[in-house]
Amino acid sequence: MVFWEGYVSDEVMGTFAPIVLYWVYAGFYHLLPPLDKYRLHTMKDEENKNLVSFSTVVKGVLLQQLVQAIVALFLLTTTADASGVTVQPSIPMQVLQILIAMFVMDTWQYFVHRYMHQNKFLYRHIHSQHHRLVVPYAIGALYNHPIEGLLLDTVGGAISYLISRMTARTAVVFFCFAVVKTVDDHCGLWLPGNIFHLFFQNNTAYHDIHHQLQGLKYNYSQPFFSIWDKLLGTYMPFDLVRRPEGGFEARAAKD
């Protein structure tokens, strides 16, 4: 029994809950005070280094989410049990399905992401749009070229869902978790007690290195683990150091 049962179908919830949660969670970060002593970049850097306006970022994210919603609703609806009755697996089985989906999504995103950096045409015309946010922030987590958004996130999510064989109800949990993790990775803040920083090496600072010039060809892994970077030699270690003027800096530990 879940709180939306009887009000909204699992398929609709699985489609729109991650979108709503994205704006709630990213909006929370956006409305926070500057918190200079926890920032990985100064506010001045965010204003001066980023090559795209905030309004353009918002429009880009909304476009990607529109495509995601269409694909998700179609996928969740067409894979639902024809009888209209879905039996939820046991909790341990659902946990296993989520772990499988996390691994599949990481694998898909690592290789697609890495190829978009290695192929000069794809980087110049598609993936470089995301890197116009030199200083990442939460609302820009899903700011991508529409083609990248489709290939990297939408198709990656669909494959993860299909291979893990999770139900639409389990998918609500998985995709909401993935959205929160992705937003957090781009938030630009190193907040004390952040559980993602405690349990995931692939976190805000890890991804910040990738957005730096010297890290462009490293730390491709997203959004959960760092397995593929470490196995395939694209892991760039880093030190988190305090800036004299306040805040932190993720500093690459190798050239």
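**Helix packing and a salt bridge**

Mentor: Start with helix H6 (residues 146-164) and helix H7 (residues 168-185), which pack at an angle of about 135° with axes 11 Å apart. Axes are lines fitted to C-alpha atoms, for helices over the stretch in contact, and angles run from 0 to 180 degrees between N-to-C directions. Helices (H or I, at least four residues) are DSSP runs numbered from the N terminus, as are strands (E, at least two).
Trainee: What does that make H6 relative to H7?
Mentor: Oblique. Under 35 degrees is roughly parallel, over 145 roughly antiparallel, 65 to 115 roughly perpendicular, and the rest oblique.
Trainee: Which residues make the contact?
Mentor: From H6, Gly 157, Ser 160 and Tyr 161; from H7, Ala 168, Ala 171, Phe 174 and Phe 175. Contact means heavy atoms within 4.5 Å. By class, five of these residues are nonpolar, two polar and none charged. Here Ala, Val, Leu, Ile, Met, Phe, Trp, Tyr, Cys and Pro count as nonpolar, Asp, Glu, Lys and Arg as charged, and the others, Gly among them, as polar.
Trainee: Before we go on, what should I know about the model?
Mentor: It's a predicted model: local features need pLDDT of at least 70, side-chain atom pairs count only at pLDDT 80 or more, and totals for chains, interfaces and linings use all residues. Residues are numbered from 1 along each chain as its sequence is written, and side-chain values use heavy atoms, with hydrogens and water left out.
Trainee: OK. How does H4 sit against H7?
Mentor: The axes of helix H4 (residues 91-118) and H7 come within 10 Å and cross at roughly 45°. So H4 is oblique to H7 as well.
Trainee: What meets what there?
Mentor: Gln 94, Gln 97, Ile 98, Ala 101, Met 102 and Met 105 of H4 meet Thr 170, Val 173, Phe 174, Phe 175, Phe 177 and Ala 178 of H7. That contact has nine nonpolar, three polar and no charged residues.
Trainee: Switching topic: how many salt bridges are there?
Mentor: Seven, counting a side-chain nitrogen of Lys or Arg within 4 Å of a carboxyl oxygen of Asp or Glu. One of them joins Glu 5 and Arg 169 (3.7 Å, N to O). Glu 5 lies in the segment before helix H1 (10-31) and Arg 169 in helix H7, so the pair ties together parts 164 residues apart in sequence.
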